[in-house]
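Please keep the sequence and the model in view while reading.

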Amino acid sequence: MTSSATPSSAMTAARPVLAEVVRSGFVEGLHRGSLVVLAADGSVEYALGDPAAPVFPRSSNKPMQAAAILRAGLDLGGERLALTAASHSGEGFHLDLVRTMLAEHGLTADDLQTPPDLPLDPVEAESYLAAGQVRERLTMNCSGKHTAMLAVCVRNGWDTASYLDPAHPLQRLVHQVVEEAAGEPVASVGTDGCGAPLMAIGLVGLARAFRSFVLAAPGTAERRVADAMRAHPEYVAGTRRPDTWLMREVPGTLSKMGAEAVQAVALADGRALAFKIDDGATRALGPVLARVLELLGVDAPVVSRIGRAPLLGGSAEVGGVRAAF
């Protein structure tokens, strides 16, 4: 495995502006980044910036991690498999299923190596704190993935204490799956916010990976992950999250965002997109995603819903974040 920092050349040239922050008719901020759209045949149809430069996809890597867990022999499906690929909001049904999955494999929340955290969804976090709760490992948005990682270690007799080590058999398999799905070598290995190894690939490779999951043969690990995510999108994200809305309202769509403003989507026909906002501002994700979906001809009310990113002045809406391409 390669272990190094992100190549310095990746961020030296100014990327194009993907989104503008407009307040009271005045452009007060810009969000730059790179973007790629693949045609149904997998060729690059549209690109901005440098989509070949490696990035850390962050949680957009989770479908590949879930496929590796299936390949390693853990038989998951339905909501359990969707939660394995999730950055869940910490809603009650998410936490209940994590607890159930832990118990099913003789595990407890103490086995998780996720950092203690609050629910990802602000509404859930406020309710959680109001109830007198504190940060927990189980509440962290990656706890479903970590539970499945631990469960497959138990199944295979692998060490559970070192399940996040890049040299662990499971993480070596994740590395292999990422490279196969992306069609390119991993450029760098880092550590994600949840503590799991994180593989850097280009945005073209990330879009290619999502396309491969949607088009994979039925019954393969990749297709099983895609099907579970699309059938149970509320377990992939939450009831108030754009990934859920998009997968629920545009049939056949696979969607997963990642921290530091990464987004990857594949449509049922094999067209796919991936982008990253350089400054990591998640407020730009919705407007940029909605604009790309418009360019792809996706005609659904959810596109406008995803694209709304209002700015307030006092209690009134005085502007918003808008796509700039």
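A residue is called buried when its relative accessible area is under 20%, and exposed when that value is over 50%. The model discussed here is predicted.

**Helix α1**

By the burial criterion, nine of the 10 residues of helix α1 (residues 62-71) are buried, so this helix is largely enclosed by the rest of the structure. The buried residues of α1 are K62, P63, M64, Q65, A66, A67, A68, I69 and L70. G73, which follows α1, has a positive phi, near 115°.

**The sheet**

Three strands form an open sheet in the order β4-β6-β5, with antiparallel pairing. Strands β4 (54-55) and β5 (188-191) are the edge strands, each of them pairing on one side only. The pairings are set out below.

| Strand pair | Sense | Bridges | A residue pair |
|---|---|---|---|
| β4 and β6 | antiparallel | two bridges | P54 and G202 |

Strand β6 comprises residues 197-202. Together with β5 it makes a hairpin, with five residues between the two strands. Within that turn, G195 has a positive phi of about 100°.

**Helices across the sheet**

Helix α6 (residues 169-182) lies across β5 and β6 and runs at about 15° to β6. Helix α7 (residues 203-215), in turn, lies across β4 and β6, at about 105° to β6.

**Nonpolar cores**

In soluble globular proteins, nonpolar side chains tend to be buried together. Which residues of the largest nonpolar core touch the most other members? They are M64, I69, L76, L206, F213, V225 and L254, in a core of 70 residues. Helix α7 supplies eight residues, the largest share of this core. Another core lies apart from this one; it has 33 residues, including L18, L285, L289 and A300.

Neighbours within four places in sequence left aside, M64 is in contact with V177, V178, A181, L206, A209 and F213. Helix α6 spans residues 169-182, and helix α7 spans residues 203-215. M64 is also one of the buried residues of α1 and among the core members that touch the most others.

Methods
Residues are numbered from 1 along each chain as its sequence is written. This is a predicted model: local features need pLDDT of at least 70, side-chain atom pairs count only at pLDDT 80 or more; totals for chains, interfaces and linings use all residues. Side-chain values use heavy atoms; hydrogens and water are left out. Two strands pair if DSSP finds at least two bridges between them. Helices (H or I, at least four residues) and strands (E, at least two) are DSSP runs, numbered from the N terminus. Contact means heavy atoms within 4.5 Å. Axes are lines fitted to C-alpha atoms, for helices over the stretch in contact, and angles run from 0 to 180 degrees between N-to-C directions. A nonpolar core is a set of buried Ala, Val, Leu, Ile, Met, Phe, Trp, Tyr and Cys residues joined through side-chain atoms within 4.5 Å. Buried means under 20% relative accessible area, exposed over 50%, partly exposed in between (1.4 Å probe, protein chains only).
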